[in-house]
Amino acid sequence: MSDTKETILRGGRDLFPMLPKAFEGIEKIGVIGWGSQAPAQAQNLRDSLAEVDSDIKVSIGLREGSGSWEQAKGCGFSEDEGTLGEMFSVIGESDLVILLISDAAQAKLYKKVFDAMKPGATLGLSHGFLLGYLDSIGESFPEDMDVIAVCPKGMGPSVRRLYEQGKEVNGAGINASFGVHQNVSGKAVEVALGWGIALGSPFMFETTLRDEYRSDIYGERGILLGAVHGIVETLYRRYQRQGMSPEQAFIESSESITGKITKIISTQGIKALYDGLNEEDKKTFQTAYSASYKPAKEILQEIYDEVKSGNEIRTVIMHGDRVDEFPVGKIDGTETWIVGEKVRAERDDDKIPLNPFTAGVYVATMMAQIDVLLRGGHCYSEIVNESVIEAVDSLCPYMHYRGVAFMVDNCSFTAKTGSRKWAPRFDYILDQLAYTAVDNGNAINMDLINDFENHKIHAAVEACCELRPPVDISCTAETSTKEIVIQ
């Protein structure tokens, strides 16, 4: 990874025979919830264990009266077989409790969850939000339990779809980070690695639960969702002011990002996108990058500080407390996204352009996010996954298929809260500071361009590109509305 080395565990179906040893002493795994991650993780765990004839039972735990009960039954879980039940009953029976209920629900129910867990059980999380919440109120996990995390770097549907594709292509899956927060038993590392392998992750990298929630909550407010939302909105208006039709403005902004720019980054890296431009387009890229980097970084540093301080987590909790009075509306009714529907219906992928100005704005924001994480002390693999891989290999393919607005309207409550809060800030600051600098003819800041050209992150991204899944995520008409959500 550039000037550092990290130990990364390679996954693959050839490692499935090791699962019984990794899960030694575990008889039942309880997957609690049925949101984005739970259906995928429960089915992947069940299928992987079944493939090696393991007796470990995977059970779904849901609240009484849950509307997801029939969906879980439709995926093969049932009360009769003891693989579907009331959440606290399942928690009390499980040796590994994978808590995948919403962040807000975790914050409200964590004491009941801890009390329900049997002695010696392990708590598994796929997001560090609960630790962030406990940090913010001065509390901690019970000291007598193992606490681990396996965090897929993509949406639940991606976790399941790529796992299924991996049945024919060994190593297909979504990359994951893993962390061991408490290791009372001495077996927590093995359990975490077994969990990640069973999910089908092609590679896993180590982090801490605290670093994970900071980078994850920060990232979804940045280039993963909030920033790209703001970038598309502001470029869509700018291109129309320059004389483009609404349809062409959408193609040159949103379609260029999700259909051309991110595909090149996914397979070749950020630098390759830049190096592939001709001299005229490279100058346009430099102009946009030079003007956008510092305004974007100003907002991104503020987001990181808000997450690290606990303020952003408190924002999510307070939003949840008032959501019944002020329900969250959809954003897909604005002109931008209505035009987007028309463009997608008539799309010809071969004719989607790589707009160099759009690329400059998008990459400047991505690089600013990377630099803020580097300043925060995060390791390269976490930075690349939270700022690049999750964007280009998981989220943007779905955005390309259904639209950025669809992602915002159907993401998790935590991500939705962050996107709606911060996307307008990116929109505003780019419009007010970046584009005015361009229009006023400000000189390109060559120090910024040189920093970009020689940045150490490029070698790390290239290393990660070599470890990407052997297949691309498949987005088809079979994918239901409820499936496409971001955790």
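What follows is a set of questions and answers on this structure, which is a predicted model.

User: Is helix 6 largely enclosed by the rest of the structure or exposed, and how many of its residues are buried?

Analyst: A residue counts as buried when its relative accessible area is under 20%. In helix 6, Phe129, Leu130, Leu131, Gly132, Tyr133 and Leu134 are buried. The helix spans residues 129–136 and is largely enclosed by the rest of the structure, because the number of its eight residues that are buried is six.

User: Which residue with a positive phi follows helix 6?

Analyst: The backbone angle to look at here is phi, which takes a positive value near 75° after helix 6. The residue that has this angle is Gly138.

User: How are helix 6 and helix 9 oriented to each other?

Analyst: Two packed helices are described by the angle between their axes and the distance between the axes. For helix 6 and helix 9 (residues 209–221), the axes come within 8 Å and cross at roughly 100°. Angles of 65 to 115 degrees count as roughly perpendicular, so helix 6 and helix 9 are roughly perpendicular.

User: How many nonpolar residues are there in the contact of helix 6 with helix 9?

Analyst: On the side of helix 6, the residues that meet helix 9 are Phe129, Leu131, Gly132 and Asp135, and on the side of helix 9 they are Leu209, Arg210, Tyr213 and Ile217. Of the residues in this contact, one is polar and two are charged, while the number of nonpolar ones is five.

User: Is the crossing of helix 9 and helix 14 left-handed or right-handed?

Analyst: The axes of helix 9 and helix 14 (residues 311–322) come within 11 Å and cross at roughly 65°, and the two helices are therefore roughly perpendicular to each other. Where they meet, helix 9 supplies Tyr213, Ile217 and Arg221, and helix 14 supplies Glu312, Ile313 and Val316. These contact residues divide into four nonpolar, no polar and two charged. As for its hand, the crossing of helix 9 and helix 14 is left-handed.

User: Why do helix 13 and helix 19 count as roughly antiparallel?

Analyst: An angle over 145 degrees between two axes counts as roughly antiparallel. The axes of helix 13 (residues 279–309) and helix 19 (residues 413–439) come within 9 Å, and helix 13 passes helix 19 in a right-handed crossing. The reason for the label roughly antiparallel is therefore the angle, which is roughly 150°.

User: How many charged residues does the contact of helix 13 with helix 19 hold?

Analyst: The contact includes Glu298, Glu302 and Glu306 of helix 13, and Arg425 of helix 19. Other residues in the contact include Ala291 and Ile299 of helix 13, with Phe426 and Leu430 of helix 19. The division is 14 nonpolar and two polar, and the number of charged residues is four.

User: Is Asp53 buried or exposed?

Analyst: Asp53 lies in the loop between helix 2 (37–51) and strand 3 (57–62). Its phi is near 55°, a positive value in a residue other than glycine. A residue counts as exposed when its relative accessible area is over 50%, and the value for Asp53 is 68%, so Asp53 is exposed.

User: What is the relative accessible area of Ser256?

Analyst: Ser256 lies in helix 11 (residues 246–268). Leaving aside its neighbours within four places in sequence, Ser256 is in contact with residues that include Ile352, Pro353, Leu354 and Thr358. Ser256 is buried, and its relative accessible area is 0%.

How values were computed
Residues are numbered from 1 along each chain as its sequence is written. This is a predicted model: local features need pLDDT of at least 70, side-chain atom pairs count only at pLDDT 80 or more; totals for chains, interfaces and linings use all residues. Side-chain values use heavy atoms; hydrogens and water are left out. Buried means under 20% relative accessible area, exposed over 50%, partly exposed in between (1.4 Å probe, protein chains only). Helices (H or I, at least four residues) and strands (E, at least two) are DSSP runs, numbered from the N terminus. Axes are lines fitted to C-alpha atoms, for helices over the stretch in contact, and angles run from 0 to 180 degrees between N-to-C directions. Angles under 35 degrees count as roughly parallel, over 145 as roughly antiparallel, 65 to 115 as roughly perpendicular and the rest as oblique. A crossing is left-handed if the near helix is turned anticlockwise from the far one by less than a right angle, and right-handed if clockwise. Contact means heavy atoms within 4.5 Å. Ala, Val, Leu, Ile, Met, Phe, Trp, Tyr, Cys and Pro count as nonpolar, Asp, Glu, Lys and Arg as charged, and the others, Gly among them, as polar.
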